[in-house]
Amino acid sequence: MGERQRIEVIARVRPWFGEEEVVEVASETTVRLGAREFEFDAAFGSEATQQDIYDKVRPLVRHVLEGGNATVLAYGQTGSGKTHTMVGLMPLAVDELFAEAGADWHATCSYLEVYNDVVRDLFAEHAELTVQADAHECVRWSRSTPAGRTSVARVPVRTAQDARD
């Protein structure tokens with residue numbers, strides 16, 4: 001991750017199902033679809049394990065332990081394996097965070113979904129969110145509730161098991 005903030009894009013190719021056009025990993029950073037090639041910071045084939053993917057995003061855990069913030073975002077069409085990837089990465093990250101941080105450490109977690117241009121807070125009853133940028137270009141998420149507007153739900157987490165629950 002280094003001294004400055006950056007975004008990395010990692011491709012993970014899911015297993016092939018029937019009549020689909022075959023996507024293949026051509027190198028550690030290239031995915032091929034037919035005659036076209038696409039470059040990424042890293043590319044993983046369908047044989048990659050959750051641990052393989054986690055090892056690539058592991059520096060984000062170190063960054064959080066050093067006081068920073070981090071986000072892992074899964075993007076793709078329906079059925080492309082986003083949930084499979086995130087469900088595999090989250091427990092590995094949580095286990096490492098709490099193993100490294102010790103008993104006095106605590107965190108808050110948010111869990112958002114973006115689907116058909118609608119952002120939803122998966123921890124909240126009134127889940128649909130609006131996005132606004134303030135005068136400093138800082139993005140804020142909020143949602144309407146019967147009591148008025150409130151921010152994204154942040155669930156306190158004190159142990160790895162709390163995060164799983």
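Figure 1. A polar atom of the Gln50 side chain sits 2.7 Å from the backbone oxygen of His84. The model is predicted. Gln50 belongs to helix H1, residues 50-65. Its relative accessible area is 19%, so Gln50 counts as buried, the cut-off being under 20%. Contacts of Gln50 beyond four places in sequence are Arg12, His84, Thr85, Gly88, Leu89 and Leu92.

**Figure 2. Surroundings of Ile53.** Leaving out residues up to four places away in sequence, Ile53 touches Arg12, Phe44, Ala48, Thr85 and Leu89. Arg12, Thr85 and Leu89 are also among the residues that Gln50 touches. Ile53 is one of the residues in the largest nonpolar core that touch the most other members.

**Figure 3. The largest nonpolar core.** This core has 15 residues. Phe44, Ile53, Tyr54, Val61, Leu89 and Phe98 touch the most other members. At least two core residues come from each of strand E5 (42-44), H1 and helix H2 (82-101). H2 gives the largest share, six residues. In soluble globular proteins, nonpolar side chains tend to be buried together.

**Figure 4. Helix H2 and its cover.** H2 has 20 residues. From first C-alpha to last, H2 reaches 28 Å, close to the 28 Å expected at 1.5 Å a residue. Which residues of H2 are buried? They are Thr85, Met86, Gly88, Leu89, Ala93, Val94, Glu96, Leu97 and Phe98. An α-helix has 3.6 residues a turn, so residues three or four places apart point the same way. The cover over the buried residues of H2 includes strand E1 (10-12), H1, strand E12 (155-157) and helix H3 (160-164). Gly102 follows H2 and has a positive phi, near 90°.

**Figure 5. Hairpin of E2 and E3.** Strand E2 covers residues 23-25 and strand E3 residues 30-33. The two strands run antiparallel and are joined by three bridges. Four residues lie between E2 and E3 in this hairpin. Val23 stands opposite Leu33 in E3.

**Figure 6. Hairpin of E3 and E4.** E3 pairs with strand E4 (residues 36-39) in the antiparallel sense, over four bridges. Arg32 faces Glu37 of E4 across the pairing, standing opposite that residue. Two residues separate the strands in this hairpin. Gly34 there takes a positive phi near 65°.

**Figure 7. Thr30 in strand E3.** Thr30 is found in E3. Is Thr30 buried or exposed? Its relative accessibility is 6%, so Thr30 counts as buried. The side chain of Thr30 makes a polar contact with the side chain of Glu39, at 2.6 Å. Beyond four places in sequence, Thr30 is in contact with Glu24, Val25, Glu37, Phe38, Glu39 and Ala43. Of these, Glu37 is the residue that stands opposite Arg32. In a regular strand the side chains alternate between the two faces of the sheet.

**Figure 8. The whole protein, for orientation.** The secondary structure comes to three helices and 12 strands. The protein has 165 residues, and 22% of them are buried. Among contacts with a separation of 6 or more, 42% join residues 24 or more positions apart.

How values were computed: Residues are numbered from 1 along each chain as its sequence is written. This is a predicted model: local features need pLDDT of at least 70, side-chain atom pairs count only at pLDDT 80 or more; totals for chains, interfaces and linings use all residues. Side-chain values use heavy atoms; hydrogens and water are left out. Two strands pair if DSSP finds at least two bridges between them. Buried means under 20% relative accessible area, exposed over 50%, partly exposed in between (1.4 Å probe, protein chains only). A polar contact is a pair of N or O atoms within 3.5 Å; within protein, one must be able to donate a hydrogen and the other to accept it, and residues adjacent in sequence count only if both atoms are side-chain atoms. Contact means heavy atoms within 4.5 Å. A nonpolar core is a set of buried Ala, Val, Leu, Ile, Met, Phe, Trp, Tyr and Cys residues joined through side-chain atoms within 4.5 Å. The expected span of a helix is 1.5 Å times one less than its number of residues.
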